Amino acid sequence: MKNKIISAAAATLLAACALASCSSESVMTYGSHSINENEFSYYLATYKGKYAQTYADFKNTPEYFSSVVTDDGQTVEDVLYSAVVHNVEMTLVCEQMFDDYGLSLSRSVEDTINSYIDDFVDEYADGSRNKFNAALGAYGVNINMLKKIYLRDEKVSALYDALYGTNGIIGITDEDRQNYLDENYVRVRHIYVNNKYMYATDEDGVQEYTDDGLRKKRELTAEELAAKQALIDAIDESLAEGADFDEVYDAFSEDKYYKNGYYISENMDFIEDVMDSAMSLEVGEYKKIETDYGTHYIMRLEMDEKPWENEDNSDFFDGYDTTVGQALFADMAEEKISEVVLNEKVLGEYTMADSAINYRF
């Protein structure tokens, strides 16, 4: 996970260094804990692997990392590298907070990690710990370092559970839930007409699927398209004449799955243009949007009282307490980030572009 471009000879040297647990400089320190270069190399490569699997346009090329992606001129390298540093800082802060709250991990946690690593040794190194250490050397660590990193991750999880989990020391209140709702959600009524495609069926009317297991689509016929346009025209006319939005929804919408409306948040898996528009509306405003999925009309509504308790809204609030708790947890750690001491000189020697990619460990 070393962030430098390394030749085959350098990789061999790095592996030997990891085997010997040679010393490396501290990259960042908080309280009595620190992250050294070996560990940072591992984090860098691991996050690079996650980014590669997350972003569809990811390319492990200098051109990709040097491309500008923000209005203020930041490159992919700038954005992703900063994100890694920030995430590692957060992890370091949580490790210290774990101690500050007097927490400890059970013996079973360490046993589980040991077993997990043993499985890696068997699967990737034919049971040889020396061979596995050599493989880990490509990412700057050895087995002992990897175990330390895994234990640190377990401490972060244990800290969260102790603070915000069931019967947590701090816990989550309805005020917390409401504050998160107000800051991250909008509620909208969605009138929808699909004038872009139909789902294909065979001659017996049975749904057809692609090789990927997705429902096969087909283009609308001229007759079908005319019928859809007539429906859209009727909606436009009704709304222009001041008809009640809910009445138009009842009369014309092809989307009536959520009678109580959609609760939309930025991390929701929904149509991006619809989400962006929903977030920009004031209560009572509506907007017509054309997307690759059809024609949408959305009106922003007032929130229900405690919508997370309403069964009609359950699809939008599945795991809501975990979401709220994680946000509170992150905010708590964020407040301490400014106290982390960074070794800027060492950090400046690493780049995301030059890092290895860790998909496995």
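Helix H7 supplies the largest share of the lining of the largest pocket, 6 residues. Helices here (H or I, at least four residues) and strands (E, at least two) are DSSP runs, numbered from the N terminus. Keep in mind that this is a predicted model, where local features need pLDDT of at least 70, side-chain atom pairs count only at pLDDT 80 or more, and totals for chains, interfaces and linings use all residues. Residues are numbered from 1 along each chain as its sequence is written, and side-chain values use heavy atoms, with hydrogens and water left out.

A pocket is an open set of points on a 1 Å grid over the protein atoms alone, where a 1.4 Å probe fits and protein lies on both sides within 12 Å along at least five of seven lines; lining residues have an atom within 4 Å of a point. Grid points are joined across faces, edges and corners, and the volume is the space filled by probe spheres set on the points.

The largest pocket holds about 500 Å³ of space. Its lining has 18 residues, and Tyr47, Asn87, Thr91, Asp153 and Val156 are the closest to the centre. Helices H2 (37-54), H4 (76-100), H7 (143-164) and H12 (320-334) each give two or more residues to this lining.

The second largest pocket has a volume of about 380 Å³. Among its 16 lining residues, Tyr192, Asn194, Tyr197, Tyr199 and Tyr257 are the closest to the centre. Here the elements giving two or more residues are strands E3 (185-193) and E4 (198-199).

Strands count as paired if DSSP finds at least two bridges between them. E1 (residues 26-30) and E2 (residues 33-36) share 4 bridges; Ser26 is bridged to Asn36, and Tyr30 to His33. The two strands form a hairpin with 2 residues between them, and Gly31 in the turn has a positive phi of about 60°. On E1's link to E9 (residues 341-342) there are 2 bridges, with Met28 partnered by Leu342.
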